[in-house]
Structure formats: structure tokens, C-alpha cells
Amino acid sequence: MRQKPLVGLIMGSRSDWETMKHAAEILENFNIQYEKKIVSAHRTPDLLYQYAESAEERGLKVIIAGAGGAAHLPGMVAAKTIVPVLGVPIKSAALNGLDSLLSIAQMPGGIPVGTLAIGKAGAKNAGLLAVSILANNDVSLKERIHHFRKVQAKEALVEPWEN
Ligand code: RP5
């Protein structure tokens, strides 16, 4: 039987997938049940409300939301659910993602969005942060994160002149 998704991975446009796939890759590597969906704050506002309003009762523990430009998706989702929302600013063509970053980060006090870095690093870290949040209630997941860090540290020391 398929388990219920624990993480919701949403993005404002299909064009965001190129970035958000890096969050998906992390979730898959850690074997986390997740769902992915395009939900646009401006083009499909009713779907956004529906998605956010049902997130808690559907059992989602974390939502990762990527958006670019006037990036209102993470903030609006956060406004409609108490499930933690991690926002990933997509690197926009016009302003290199600074617009996305500020739109996502500058939330009013009371409605938090955990804002990550612009682009690929932000998507990857959103995936890792979601795994860490889930690991608070999952000892074996914690061990896998420790292992991931160890491997990463080892890889960081591989020198470019090594064979
Ligand atoms: C935002 O507008 C999306 O998150 C995307 O990053 C940006 C551009 O969307 P497209 O015009 O590529 O669909 O809503």
C-alpha cells in the first residue's frame, strides 16, 4: 500500500521544475513520501487555497514552495495553513531572483515562511531541511542525515588533482 505523502512540493509554474527537481532529488534519496504539483498564486488562486486548506488534514508535515518573480505562492500558502512552509526563490530572468527572494522573505510578523537561497542551492537545502524536520520524530532518518553529512564532508576534501 502506498503511504500518504509527508511533504508537499509545489511550484508556481512548470518552468520552476528545473530548480525544484533538486528538492525532489533529496526527498527521493532519503526515501521520503512526497507529492509534487504546480500551484500558481496568480493563475490558479482557488487551487492554492484548496491545497493549503487541506494540507494539514491530508497529513502533510512540511510544504516546500518554489516561485519566481512576484513570488507570492509560499506566503499565501503559509497564510492558509499551519504546516511549516519552506520557500525557494526561483532565479528569475529579469532580476536574477532578487525579486523572488524579497517577495518570499519579507513576510509580516505572524505568518512565517522559512526562506532558502535563490535557485538550486535553495531547492536542495529546502529538501534537506524538510528531511531534518521529519527526523525530529524519526530516529532512523536522523542517522541517515548524520551519514549524509559524513559522506559530504569526505567528498568536500577530495582534491581536484586526485585521480
Ligand atoms: C511565477 O512566475 C512562477 O513561479 C515562475 O517562476 C514565474 C514565471 O512563470 P512562467 O511565466 O515561466 O510560467 O509564478
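What pLDDT does the protein chain average? The answer is 97, and 98% of the residues score at least 70. Keep in mind that this is a predicted model. For the complex, the predictor gives an ipTM of 0.96 and a pTM of 0.97.

Now to the helices. Two packed helices are described by the angle between their axes and the distance between the axes. I have two pairs for you, and α5 is in both.

Start with α1, residues 17-29, and α5, residues 120-135. Their axes lie 7 Å apart, at an angle of about 30 degrees. Angles under 35 degrees count as roughly parallel, so α1 is roughly parallel to α5. The crossing is right-handed.

Who makes this contact? From α1 we have Thr19, Met20, His22, Ala23, Ile26 and Leu27. From α5 come Lys120, Ala123, Lys124, Ala126, Gly127, Leu128, Ala130 and Val131. By class, that contact holds 9 nonpolar, 3 polar and 2 charged residues.

Next pair. Stay on α5 and look at α6, residues 139-156. These axes come within 8 Å and cross at roughly 140 degrees. Roughly antiparallel needs an angle over 145, and α5 and α6 are therefore oblique to each other.

On the α5 side, the contact uses Val131, Ser132, Leu134 and Ala135. On the α6 side, look for Leu141, Lys142 and Ile145. The classes here are 5 nonpolar, 1 polar and 1 charged.

How values were computed
Residues are numbered from 1 along each chain as its sequence is written. This is a predicted model: local features need pLDDT of at least 70, side-chain atom pairs count only at pLDDT 80 or more; totals for chains, interfaces and linings use all residues. Axes are lines fitted to C-alpha atoms, for helices over the stretch in contact, and angles run from 0 to 180 degrees between N-to-C directions. Helices (H or I, at least four residues) and strands (E, at least two) are DSSP runs, numbered from the N terminus. Angles under 35 degrees count as roughly parallel, over 145 as roughly antiparallel, 65 to 115 as roughly perpendicular and the rest as oblique. A crossing is left-handed if the near helix is turned anticlockwise from the far one by less than a right angle, and right-handed if clockwise. Two residues are in contact if their C-beta atoms, placed from the backbone, lie within 7 Å. Ala, Val, Leu, Ile, Met, Phe, Trp, Tyr, Cys and Pro count as nonpolar, Asp, Glu, Lys and Arg as charged, and the others, Gly among them, as polar. pLDDT is the predictor's confidence in each residue, from 0 to 100.
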